[in-house]
Each structure stands twice: as C-alpha cells, then as structure tokens.
Amino acid sequence: LAQTPVMWKKRLHCAPPKINGWPEMVFKDEQLARLALSSAFEPGDESIGALVAEFGPAELIDRLRTEPNEPDLGRFGRRWQSHNWLQDAAIELERALDDGIEIISPGTPDWPTQLDDLHERAPLVLRKKGPLGLRQAASRSVAVVGARAATQYGVWVAEEMCAQLASAGWCVISGGAMGIDAASHRGALALNGPTIAVSAAGANLAVPASNHSLFARLFAEGAVISEVPIGANPNRRRFLVRNRVIAALAPVVVVVEAALRSGALSTMREADAMGRMLCAVPGPTTSALSAGCNELIRSGGATLVRNADDVVAGVLRVSDDPGSRAQNAATINLFEQRVIDLCTPRSMSVENIAQGVGVSVAACTATLHLLERSGFVMRTVKGWRATSVGPR
C-alpha cells in the first residue's frame, strides 16, 4: 500500500480509506463497500442482503460505523466495529489489480443478471480470475454437479457430456471440486470450450490442491469466480452456500452422480426453487452414488438424460413452450425489446444489432443468448432473427 492519496484517487475513484495516517474518507464507492461487506460477513446471509437492498452498500456502511447499536442492524454492528473492514477491502482491491482479478458487482457490465433471482441471497460481489467473460458465457450455460468420490462411470459420463456441450457452444459451470466437478471442467477444456468454476475459496486459489493443474487451465482459459475474499480458505458452510450460485447461473442443472444425502442434491433444490430445469443421469441400482439421481428420476423431480443431446433438447423444449415464453415476457426490459425489434423481420448480424442499440458486441451477444434461452430470438446462418412469438 505504498501509494499516495492522489494515486489512490486515480485507481479507486474515491478518497483513500484511513490507512497509514491518511484522513478518514467520506465513504461513497459502492464497489469498495461491497468488498468490505463481503469480507465482514459470510456469503448468502439473507439478513445482510436485505439491509443492502434497503439502504444500499455505502449507506449501510455509514450506519454500521456511526450507529452500530441501532436495533435494525442487530449483531452486524458489533461485527463491523470489531475490525477495519474498509482497510481490508482497499488492500484486496489493490491485490486484485496486481493479480489480474476482476471485481464484478451488480450494475457492472459482466454481472450475470440471473443471479438477481437469488434476491437477498445474491452475492454482494464476485471476484473472477480468468479471461472468460462471465455474463456472456453464463447466458448459454449448463451446470453439471455430482459426487466428489465419483465412480469411473460417473467421471466418464461427466467428461463425455461436457465435451459434447462444449462442442455445441455451451459453457459448463461446476464447482471445481474433485470427482464430477473436475471431470466436467476437464471435458469442456478438452475441446477448448468455455467453463466456469464457482469456488468456495478465494478466486486465486486451487482448491483442492490436487486440482492445481486444472485450475491453472481455468485461470488461463476459463474463469474461477468466488464470493469470498482473495486468499480466503473454504469451510463447510461456504461449500454449501456456493451451490446456490451454481444453480442460479445456468438455466439447467444436471446431476451425474449423487448419493441420497449429497451436497449435489442441495444444488438441485436451489435450482428447483428458482425454476431451473433439473436433469439427472441414471446409474446402476446397486450403486449408492447413483441412488440420489435414480430417486430424482423416479419421483419426477428431474428429467432423465443420457448425454448432451438430451440436455440441449430439454432446454430448447422449455424455450419453445408458449406458457414459459409468456411468463418470461413480463421480464423483458426496454433494452431487450429494442434488440428484438432490430431482429424483426429479417436476420441481423450481432455487430449491426450492437451498433443499433449502442452497446458493445460482447454485451449485445450476452443479451441475445439470454433472449434465445427464453425463446424470443434464434440464430440463423445470416445472424439473429426474432421468433414468431414475442413479448408483445
């Protein structure tokens, strides 16, 4: 932190925090506020999320600093007063700049808006290491989860399915853990496909350490994202709460292998609560690691899938459902409507659409993928065209 206050103003776009004798700032920077709050409080805390939604992150920090005993703040005021979390956030931001880690928060271009489906449980901020654009990749994605102690059968199915998904242009999202998670990432990377690991540790860490070579490829070609501070170690709770992020990012979640009591099934429950499509790969009736998948299929809780073609067909079937399309129509915003209008009645290239609505090609592509997922536009050999049924 051997920086002058002038240099800090250039890098943070705000006055420096009270570090090394600098005067305390009038706190305004929202992204730094989110970093500080996410360092002070564990991810997925609905109460903190509700306070951020009510006051905004910067005003909430002002209240925590000046009125820590206010009844509405509860235990959070005491926690905030116990440490200089703003200083930690400033140090982390400097470290992120040095280590090539991107800070993504609501309102920034790379924020995946489907995370807003988590409401008060949405991440306060994400740290991302790797070149893959998060919003664009997640807009056309499949989450694949399963047992850490996977069988040879489960590993083979996960690798084959994710390689097929990658070849069809789908991003594979998983948790970076041993077993099915690692096999899913490896399958996508085998065909140089996009893949995202949602980590329970800091975004710069390979966890577990035995997956070091896999994370090296994710850092170089894909993306590792995390809610917790850079360098933070995982714990049991963090592994469980990150499952909601995996579930929220993708329109469909596939479980390859899972016992009757499995962390992978918690991801399925989270996905089901948000209306995501659930798929399961059947396994031998004698295998305890397939018992959870087989039960989901038997009870009708998940669609039976054998390969990537089954998964993609299921996603497209949901997109073609008029009832689903009508429900999604209520969520179409004015910007998305402008994109759809430009795709009517003839196909348009993404470059022309981006120019017409005044955004970057990357941002336009992400929006088109989201609209494709909802069935409002489709790709043709000449570009993008609106479907016959729209949100009007």
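Which strands does helix α11 (residues 236-249) lie across?

## Helix α11 and the strands it covers

In this predicted model, where local features need pLDDT of at least 70, side-chain atom pairs count only at pLDDT 80 or more and totals for chains, interfaces and linings use all residues, helix α11 lies across β3, β4 (171-174), β5 (195-199), β6 (223-226) and β7. Residues are numbered from 1 along each chain as its sequence is written, and side-chain values use heavy atoms, with hydrogens and water left out.

Helix α11 runs at about 155 degrees to β5, where axes are lines fitted to C-alpha atoms, for helices over the stretch in contact, and angles run from 0 to 180 degrees between N-to-C directions. Helices (H or I, at least four residues) and strands (E, at least two) are DSSP runs, numbered from the N terminus.

## The sheet

Nine strands form an open sheet of mixed pairing in the order β1-β2-β6-β5-β4-β3-β7-β8-β9, two strands being paired if DSSP finds at least two bridges between them. The edges are held by β1 (101-104) and β9 (303-304), each with a single partner strand, so one side of each is left without a neighbour in the sheet.

Strand β3 (residues 141-145) pairs with strand β7 (residues 252-255) in the parallel sense over three bridges, and V145 stands opposite V255 in β7.

## Helices α2 and α6

The axes of helix α2 (residues 30-40) and helix α6 (residues 85-99) come within 8 Å and cross at roughly 115 degrees. That makes α2 roughly perpendicular to α6, a term for angles of 65 to 115 degrees.

Residues L32, L35, A36, S39 and A40 in α2 meet W85, L86, A89, A90, E92 and L93 in α6, contact meaning heavy atoms within 4.5 Å.

Notes. Angles under 35 degrees count as roughly parallel, over 145 as roughly antiparallel, 65 to 115 as roughly perpendicular and the rest as oblique.
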